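Here are my notes on this model. Please read them with the structure open.

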Amino acid sequence: MKKLDNVIECYGCGTFLDISHADSAVKCPKCHSIIDIKNHKKEALAYAISALFLFIVLPSYPLLTTNINSTQLYATILDTPMMIYKEHFVFVSILTFFTIIIAPLLNSLLIIFSFFNKKPRKTLFKLYHISKEWGFIDIFMISCIISYIKLSATFQNTHFETGFYLMIIYLILFYLSNHKFDEKTLLQGK
Ligand SMILES: [Zn+2]
């Protein structure tokens, strides 16, 4: 397997460019874009900060509301593990709490931290991988859609709320921050 230590992706066309001999900028041979190497990495930081901010405000907004016998019911992202816990599925509730709350939070925090960390830290590199692989917001979103379909079949006043739309934006930011992030900065420290 070839090591891809000094490669970045072109903004314009997605071509992978060798930056091992470039100082601050590199020109794409395919679409002729000039890519600022430092700014390219800062994008990950900007996306991670936005993702973190959105994730902090997310629990204040309900994801779904429904009306059962004229009682308005709603659920936020934090209510989900709590509801599972109340049903006495302790292990599942802990797992849900970790995958939809802890892992996504940790992921953004580690990306942000890597920009201020100058020392190589293997533990953080491992933690980053755990947070990336165990962050299940996308699966959680699909489960929200399934809940919506099931609830709306019985209760007509079922709606997606602000929290659900915020979660879509969050998912995009989460994806972009991880896509732009060079995880080797945690391992090598720069
Ligand atoms: Zn290009």
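1. Basis. This is a predicted model: local features need pLDDT of at least 70, side-chain atom pairs count only at pLDDT 80 or more, and totals for chains, interfaces and linings use all residues. Residues are numbered from 1 along each chain as its sequence is written.

2. Helix H6. H6 spans residues 162-180. Helices (H or I, at least four residues) and strands (E, at least two) are DSSP runs, numbered from the N terminus. Gly163, Met167, Tyr170, Leu173, Phe174, Ser177 and Asn178 of H6 are buried. They lie on the same side of H6, because they cover an arc of only 125 degrees around the axis. That arc is taken from the directions from the helix axis to the C-beta atoms. The face turned away carries the exposed Tyr165, Ile168 and His179. Buried means 20 or more other C-beta atoms within 10 Å of a residue's own, exposed 12 or fewer, partly exposed in between, with C-beta atoms placed from the backbone.

3. Strands. S5 (residues 64-68) runs antiparallel to S6 (residues 71-75), with five bridges, and strands pair if DSSP finds at least two bridges between them. S5 also runs antiparallel to S7 (residues 159-160), through two bridges. Thr65 has Tyr74 as its partner in S6 and His159 in S7.

Conventions
The expected span of a helix is 1.5 Å times one less than its number of residues.
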